[in-house]
Each structure stands twice: as C-alpha cells, then as structure tokens.
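Me: I would like to learn how to read this model. Let us take its features one at a time.

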Amino acid sequence: MEISEVVDFLRTYNGPKIRLMEVCGSHTHAIAKHGIRDILSPNIELLSGPGCPVCVTPTAYIDKLIELSLEENTTVATFGDLLRVPGSKESLNEAKGRGGSVEMVYSPMDVLGLAKEHPDKNYVFAAVGFETTAPVYTLLLDNAIALNLTNIRILTALKTMPGAISYLCDNGAAIDGFIAPGHVSAVTGADYFNDLAAKYQIPFAVSGFGDQELVIAIYGLVQMIIKKQPQVKNYYTSVVDAGQNEIITAQLNKYFEPADVVWRGMGVIPGSGLMLKEEYKRFDAGSTGLDEDNKRNKACRCGDILMGKAKPSDCPLFGKVCTPMSPEGACMVSEEGSCFNAYLVRR
C-alpha cells in the first residue's frame with residue numbers, strides 16, 4: 001500500500017470515533033512538528049500521554065533538588081529542561097537566583113569531570129527518565145566506582161511505562177490504542193507490551209519518529225481496532241527487536257529494583273519506578289519519600305492532560321499565564337511536553 005493511500009484512508013475515515021495515545025515525548029514533538037494531526041479524520045483523535053519524563057516528575061522531587069542545591073558544598077547537576085520545571089513554590093532556576101548551586105550539563109558523564117576537579121564538593125545528578133535513560137545513570141555509577149569518586153550521588157525520578165499505561169486504562173482514560181514508545185522499545189523489546197495488550201484488549205504499535213513511520217503506525221492501529229486485534233505490532237524493526245536488550249537489562253538489574261513512585265498529576269503508581277538497590281544506596285541523594293505533588297497554580301490541568309482527559313486548550317492557563325517563557329505546569333516546560341507542542345502549533 002502506497003503512503004498516499006494510507007494518508008487518504010486516515011483523512012477520510014468515517015467509522016466509529018477512535019482515541020489513540022502516544023506515550024513518548026519524542027513522538028509528541030514529532031507529531032506536532034510534522035503536522036500529523038492535520039491529516040487525520042475528525043473521527044481519529046490523537047492524544048499525548050505521560051511520555052515526557054520532565055512532565056511526570058512530581059513537585060516534591062524538584063523541591064528536593066532545590067533543598068540540595070542550597071546545602072553547603074553541594075551542587076545539583078541537571079539537563080537544561082529541568083531547570084524551569086515548577087516545584088511547589090519555585091523552580092531550580094529561581095533557586096539558583098537566590099544562591100542555589102546548580103550546574104547545567106549535557107551528559108551525566110560531565111559530572112565525573114566536575115567531581116574529579118572539585119573533590120571537596122558533592123555533586124548530585126538529577127536522574128530523571130524512563131527505561132531509555134536509566135542505563136546511562138548506571139554507566140555514571142560504574143565510572144564513579146572505578147574512579148573511586150565518593151562525591152557523586154544521584155536523585156532518582158526514574159519511571160517505567162507499563163505501570164503508567166495500566167493506570168490510564170484502569171482510571172477512565174478511554175484509549176482505544178497506543179503508539180508504543182520507540183526509544184523505550186529499543187531497550188525493552190516490542191514484546192514488553194504484550195501483557196498490556198492482552199489484559200486490556202487494546203492494540204499497540206511500536207513506531208519510529210519520522211512522518212511516514214508515525215502515519216503507518218497510526219494506520220496500523222486503526223486497522224487493528226477495526227479488526228478487533230488487541231496485539232502488539234512492531235513498525236520500527238530497523239531499531240526494535242521483539243525481545244529485550246540483554247546487556248542493558250543486566251546493567252539495569254545490577255543497580256536498580258522496581259519501586260512505587262509518584263507521577264505528576266497521577267499520584268503513586270505501584271511498581272512503576274526504579275530505585276537504587278540497597279548495596280548502592282550510598283549513591284542515593286534522598287530519592288525515597290518524595291510523594292507530594294503540590295501544584296504551584298491550582299488551576300493547572302497537567303494531570304488531566306497527561307491522562308488524556310483534557311487537551312492543552314482545555315486548561316484555563318494555556319497560552320495566557322502559561323507559556324513556554326513562563327510555564328505554570330511541567331507540560332509547558334519541555335520540548336517534549338504536550339502543552340509546549342500544542343502552543344507552538346497554535347502559534
């Protein structure tokens with residue numbers, strides 16, 4: 001089937017209304033960038049779920065980073081997009097403005113050089129992410145151990161996808177099919193989503209990030225829904241295998257174990273996170289007990305948007321007091337956030 005025929009089908013589809021959700025921040029950005037929603041029939045609704053790691057990080061985690069940045073001889077190292085995420089009262093950027101020690105880095109490995117250069121200072125890396133980024137933090141720990149660096153710690157906010165998808169399905173998200181995250185699947189394998197497809201009788205399509213790749217994955221989902229085929233199909237075979245990457249999985253299992261963690265706007269989801277194992281707790285900067293999720297602006301609807309219960313335009317703050325330059329919620333901060341991308345498209 002030619003891509004033009006696929007696009008024509010999706011544009012003219014007039015069957016029962018279908019609600020699809022991507023759960024990958026890179027997919028959210030790619031869908032907005034390529035204008036994919038514009039080619040879909042009004043009967044195919046495409047929603048952005050909890051696939052942006054910055055967007056699902058709770059306020060208590062940001063508050064803890066701020067607290068650490070204000071400790072004597074302690075510097076918080078982080079990626080740039082986390083700097084502006086609102087905590088319960090302020091962001092890391094705002095804390096830096098009043099004396100907090102915060103360093104933006106481009107890779108967790110940058111912390112190794114800082115720690116070696118300043119042995120009298122403690123460095124805390126903000127370890128945020130999903131199954132894709134968690135392995136990088138294990139390499140940081142491997143190197144810290146090999147170099148005998150005792151002034152490096154991590155504060156974890158690591159999430160895994162199956163728990164969040166189960167939470168959505170169990171709490172009224174009403175999703176008919178999921179675009180499975182391509183980066184996560186490269187680590188976990190496409191079969192990672194088989195149990196979810198069987199349990200909830202819902203299809204999954206593993207997709208790449210190009211315009212045609214996403215369109216083909218959406219077409220595949222619609223076809224599986226029409227044919228009542230609740231299964232997982234891999235449309236990203238150039239990168240994703242059926243089974244997991246054994247080397248990366250072994251590395252993750254070496255350092256981390258499943259844990260109950262908080263997702264911004266959704267609360268505690270059992271077994272949906274990763275925490276350092278007891279033998280490596282000396283590297284933990286205080287990741288447990290970060291359960292509070294107090295919104296700085298009570299009108300923010302990030303939680304509903306992440307669950308597919310609302311669109312960014314449904315939020316009373318969207319595009320008014322909440323913009324990429326002055327975000328009130330995490331969904332407006334990251335380039336992978338649903339509100340950020342909806343704002344760019346609107347502009």
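Me: Which residues of helix 7 are buried?

Reply: Buried means under 20% relative accessible area, exposed over 50%, and partly exposed in between, with a 1.4 Å probe and protein chains only. In helix 7, residues 161-170, the buried ones are Met-161, Gly-163, Ala-164, Ile-165, Ser-166 and Leu-168. Just after this helix, Gly-172 has a positive phi of about 75°.

Me: What should I know about the model and its numbering?

Reply: This is a predicted model: local features need pLDDT of at least 70, side-chain atom pairs count only at pLDDT 80 or more, and totals for chains, interfaces and linings use all residues. Residues are numbered from 1 along each chain as its sequence is written, and side-chain values use heavy atoms, with hydrogens and water left out.

Me: How many helices and strands does the protein have?

Reply: Both are DSSP runs, numbered from the N terminus: helices are H or I with at least four residues, strands are E with at least two. The protein has 13 helices and 11 strands. Its radius of gyration is 20 Å, close to the 20 Å of the globule rule for 347 residues, so the protein is as compact as a globular protein of that length. That radius is taken over C-alpha atoms, and the rule is 2.2 Å times the number of residues to the power 0.38.

Me: What is the strand order in the open sheet of 5 strands?

Reply: Two strands pair if DSSP finds at least two bridges between them. Here the order is 2-1-7-8-9, with parallel pairing. Strand 2 (44-48) and strand 9 (232-234) are the edges, each pairing on one side only. Neighbouring strands are turned by 20° against each other on average, direction ignored. Axes are lines fitted to C-alpha atoms, for helices over the stretch in contact, and angles run from 0 to 180 degrees between N-to-C directions.

Me: How many bridges join strand 1 to strand 2?

Reply: Strand 1, residues 18-22, runs parallel to strand 2 and is joined to it by 5 bridges. Glu-22 has Ser-48 in strand 2 as its bridge partner.

Me: How many disulfides does the structure hold?

Reply: A disulfide is a covalent bond between the sulfur atoms of two cysteines. The cut-off is a pair of cysteine sulfur atoms within 2.5 Å. The structure holds 0 disulfides. Cys-24 is in none, and its nearest cysteine sulfur, that of Cys-52, is 9.8 Å away.

Me: Is Cys-24 buried or exposed?

Reply: Cys-24 is buried, at 6% relative accessible area. Cys-55 also counts as buried, at 1% relative accessibility. Across the protein, buried residues make up 54% of the 347.
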